[in-house]
Amino acid sequence: METIVDNIKLETGTEVIMLFGEIDTNISREIVESLLSTDANNITLLINSIGGNLDACVAIINAMQMSGKNIKTIGMGSVCSSALLVFLAGNSRVLFKNAHILSHQASFEYQGKPHEVASVNKHVKHIDDWMINFVMGKTKLSKAQVKKYLLGPGENWLSAEDCLKWGVADSLV
């Protein structure tokens, strides 16, 4: 599946950055470069993504915070997995009513000796705690609600209306 990341300069002084497709380190680098190189103070980040690599997602989130820019995220199609975290990182968040929103716990694959797996388990707990706290800080949900509705076991498909009610989105279009 081809991933498209493109920049469009608008005359209003707002930069539009599109995050379409799977988030990997290459796409993450392009988004980070776009966020940090623009002279625009207002950025609109359009998202249509199935998600992807969590580390690449975190790099985008950190660049959004580091940029000091006013960043509006707009969920246009799929806003799934790690792409939902990028969506939440926006200063304001707009979601299309017909967008597909998926949230779940981070997934990991690892093999090794028992002591190595134990060490990885500590890291997994750290990632889980970070995700819960990040989502709590960006929504109206308590820790128990985040675990129940967004980061519980299984795949959690969300309606746009629930996203608005829970503070995942600020408005719907």
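**Figure 1. Overall fold of the protein.** Of the 173 residues of the protein, 45% count as buried. The model is predicted. Its secondary structure comes to six helices and eight strands. Read from the N terminus, the elements follow the order β-β-α-β-α-β-α-β-β-α-α-β-α-β. Among contacts in the protein with a separation of 6 or more, 65% join residues 24 or more positions apart.

**Figure 2. Helix α1 against helix α2.** Helix α1 covers residues 25–37, and helix α2 covers residues 54–67. Their axes come within 9 Å. The crossing angle is roughly 5 degrees. Angles under 35 degrees count as roughly parallel, so α1 and α2 are roughly parallel to each other.

**Figure 3. Residues at the α1–α2 contact.** From α1, the contact takes in Thr 25, Ser 28, Ile 31, Val 32, Leu 35 and Leu 36. From α2 come Ala 56, Ala 59, Ile 60, Ala 63, Met 64, Met 66 and Ser 67. By class, the contact of α1 with α2 has 10 nonpolar residues and three polar ones.

Figure 4. A pair of aromatic rings is described by the distance of the centres and the angle of the planes. A search of the whole structure finds one aromatic pair. Its members are Trp 130 and Phe 134. The ring centres are 5.1 Å apart, with 20 degrees between the planes. Planes under 30 degrees apart count as stacked, so the pair of Trp 130 and Phe 134 is stacked. Both residues belong to helix α4, which spans residues 114–138. Trp 130 and Phe 134 are four residues apart in this helix, so about one helical turn separates them.

Figure 5. Phe 134 has a relative accessible area of 9%. Buried means under 20%, so Phe 134 is buried. Trp 130 has a relative accessible area of 30%. That value falls between the buried limit of 20% and the exposed limit of 50%, so Trp 130 is partly exposed.

Figure 6. Cys 57 has 0% relative accessibility, so Cys 57 counts as buried. Cys 163 is also buried, with a relative accessible area of 0%. How many disulfides does the structure have? The count comes to zero. A disulfide requires a pair of cysteine sulfur atoms within 2.5 Å.

Notes
Residues are numbered from 1 along each chain as its sequence is written. This is a predicted model: local features need pLDDT of at least 70, side-chain atom pairs count only at pLDDT 80 or more; totals for chains, interfaces and linings use all residues. Side-chain values use heavy atoms; hydrogens and water are left out. Buried means under 20% relative accessible area, exposed over 50%, partly exposed in between (1.4 Å probe, protein chains only). Axes are lines fitted to C-alpha atoms, for helices over the stretch in contact, and angles run from 0 to 180 degrees between N-to-C directions. Helices (H or I, at least four residues) and strands (E, at least two) are DSSP runs, numbered from the N terminus. Angles under 35 degrees count as roughly parallel, over 145 as roughly antiparallel, 65 to 115 as roughly perpendicular and the rest as oblique. Contact means heavy atoms within 4.5 Å. Ala, Val, Leu, Ile, Met, Phe, Trp, Tyr, Cys and Pro count as nonpolar, Asp, Glu, Lys and Arg as charged, and the others, Gly among them, as polar. Rings of Phe, Tyr and Trp (its six-membered ring) pair if their centres lie within 6.5 Å; planes under 30 degrees apart count as stacked, over 60 as edge-to-face and the rest as tilted.
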